[in-house]
Amino acid sequence: MKKSQWLVMAAIIGAAAFAGLDTAAMAAPMTKAQDIAAGKSIAFNRTQGNCLACHVLPGGKMAGNVGPDLSVLPLKAIFKTKEKLVDFLYDPEKVIPHINMPQFGKNKVLTHHQMELVADYLWSLKG
């Protein structure tokens with residue numbers, strides 16, 4: 001987290017403490033389960049990740065068939081690390097030239113944090 005982000009967070013927590021709110025809950029980082037759930041939400045959201053437009057995902061409705069079925073694709077074997085998966089989401093063509101997939105980071109469709117959350121979700125799949 002950047003220094004400016006820490007300062008904003010500290011100001012919010014300080015204001016909340018002054019107002020008598022539970023600041024411990026606010027300062028706690030998201031758990032891995034929360035990260036995975038947030039990533040799934042982004043992946044399934046038709047206005048954000050919209051992964052279901054092209055891919056099959058467990059529990060997804062109206063899934064596309066243009067891209068591979070992500071419920072069985074061995075992402076861990078392909079990318080080796082979650083960071084490499086995030087890099088792929090940022091700019092898929094840099095990893096696989098001429099791939100027909102949105103450049104979520106390069107085109108500012110998703111923030112880096114959102115791509116990390118989507119990667120957490122995809123990494124959790126059994127594939």
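F79 is buried, as is F88. Both belong to a predicted model, in which 2 aromatic pairs are found. This briefing covers those pairs and the second largest pocket, which has a volume of about 390 Å³.

**Aromatic pair F44–Y121**

- F44 and Y121 pair edge-to-face, with 6.2 Å from centre to centre and 80 degrees between the ring planes.
- The pair ties together parts that are 77 residues apart in sequence, because F44 sits in helix α3 (residues 32–44) and Y121 in helix α7 (residues 112–124).
- F44 is partly exposed, at a relative accessible area of 22%.
- Y121 is buried, at a relative accessible area of 4%.

**Aromatic pair F79–F88**

- The ring centres of F79 and F88 lie 5.1 Å apart and the planes meet at 45 degrees, so this pair counts as tilted.
- That angle falls in the tilted class because stacked planes are under 30 degrees apart and edge-to-face planes over 60.

**Second largest pocket**

- The lining of the second largest pocket consists of 24 residues.
- Nearest the centre of this pocket are H55, P68, F88, I99 and M101.
- F88 therefore takes part in the tilted pair with F79 and also lines the pocket.
- Helices α4 (75–79) and α5 (82–90) are the elements that give two or more residues to the lining of this pocket.
- By class, 19 of the lining residues are nonpolar and 5 are polar, while none is charged.

Terms used. Residues are numbered from 1 along each chain as its sequence is written. This is a predicted model: local features need pLDDT of at least 70, side-chain atom pairs count only at pLDDT 80 or more; totals for chains, interfaces and linings use all residues. Side-chain values use heavy atoms; hydrogens and water are left out. Rings of Phe, Tyr and Trp (its six-membered ring) pair if their centres lie within 6.5 Å; planes under 30 degrees apart count as stacked, over 60 as edge-to-face and the rest as tilted. Helices (H or I, at least four residues) and strands (E, at least two) are DSSP runs, numbered from the N terminus. Buried means under 20% relative accessible area, exposed over 50%, partly exposed in between (1.4 Å probe, protein chains only). On a 1 Å grid over the protein atoms alone, a cavity is a set of points where a 1.4 Å probe fits but cannot get out, and a pocket is an open set with protein on both sides within 12 Å along at least five of seven lines; lining residues have an atom within 4 Å of a point. Grid points are joined across faces, edges and corners, and a volume is the space filled by probe spheres set on the points. Ala, Val, Leu, Ile, Met, Phe, Trp, Tyr, Cys and Pro count as nonpolar, Asp, Glu, Lys and Arg as charged, and the others, Gly among them, as polar.
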